[in-house]
Amino acid sequence: MSTRKLSQLFDPRCIAVIADFCPGSYKEQLLTANLSRLNGGRSVYFVGAPCLPTDVKGITADSLEQINQPIDILIVALPLTTVPEIFRAQNISTVASIILLGFAEKIQT
């Protein structure tokens, strides 16, 4: 068994976050504040972040396609209905692990 995927999960070089970064979204603010404190040669991209606080350290990108390196971890903290759109990104195949957080809507079965 290869450990490549495990090293990408536990020692990521590139992390991308897609969330509601606007004021008032506490969990996203907590997430961005903690991720922006990472160091050690890691790139943290905040995707679609028009109102990212100025004290957050990271790189902003309008879309996943603007990230021109393999993404080790993609964190999605948006409603479940937006997930299919994310999987249509051209470079989604470069993502090693996806973490889905905080869905508030109910799933109909």
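Student: Which residues does I67 touch, not counting residues up to four places away in sequence?

Tutor: Happy to start there! This is a predicted model, and in it I67 touches C14, A16, Y45, V47, A61 and N91.

Student: What makes I67 stand out in the largest nonpolar core?

Tutor: That core has 16 residues, and I67 is among those that touch the most other members, together with A16, L64, I71 and L74. The elements giving two or more residues to this core are β1, β2 and β4 (73–77). Its largest share, three residues, comes from β1.

Student: Why is S43 called buried?

Tutor: Let's set the value against the cut-off. Buried means under 20% relative accessible area. S43 has 17%, so S43 is buried. You will find S43 in strand β2, which covers residues 43–47. Leaving out residues up to four places away in sequence, S43 touches R13, C14, I15, I59 and Q69.

Student: How do you know that D11 and R42 form a salt bridge?

Tutor: A salt bridge needs a side-chain nitrogen of Lys or Arg within 4 Å of a carboxyl oxygen of Asp or Glu. For D11 and R42, the closest N and O atoms are 2.7 Å apart, so the pair counts as a salt bridge. The pair links distant parts of the chain, 31 residues apart: D11 lies in the loop between α1 (4–10) and β1 (14–19), while R42 lies in the loop between α2 (26–35) and β2.

Student: What makes D11 and R13 a salt bridge?

Tutor: The reasoning follows the cut-off of 4 Å. Here the closest N and O atoms are 3.3 Å apart, so D11 and R13 form a salt bridge. The structure holds two salt bridges, and D11, R13 and R42 are linked in a network of them.

Student: Why are D11, R13 and R42 called partly exposed?

Tutor: Partly exposed lies between buried, under 20%, and exposed, over 50%. D11 has 36% relative accessibility, so D11 counts as partly exposed. R13 has a relative accessible area of 39% and is therefore partly exposed too. R42, at 27%, also counts as partly exposed because its value falls in between.

Notes
Residues numbered from 1 in each chain as written. Predicted model: local features only at pLDDT ≥ 70, side-chain atom pairs only at ≥ 80, totals over all residues. Heavy atoms only, no water. Helix = DSSP H or I, 4+ residues; strand = E, 2+ residues; numbered from the N terminus. Buried < 20%, exposed > 50% of the residue type's maximum accessible area, 1.4 Å probe, protein only. Contact = heavy atoms within 4.5 Å. Core = buried A, V, L, I, M, F, W, Y, C linked by side-chain atoms within 4.5 Å.
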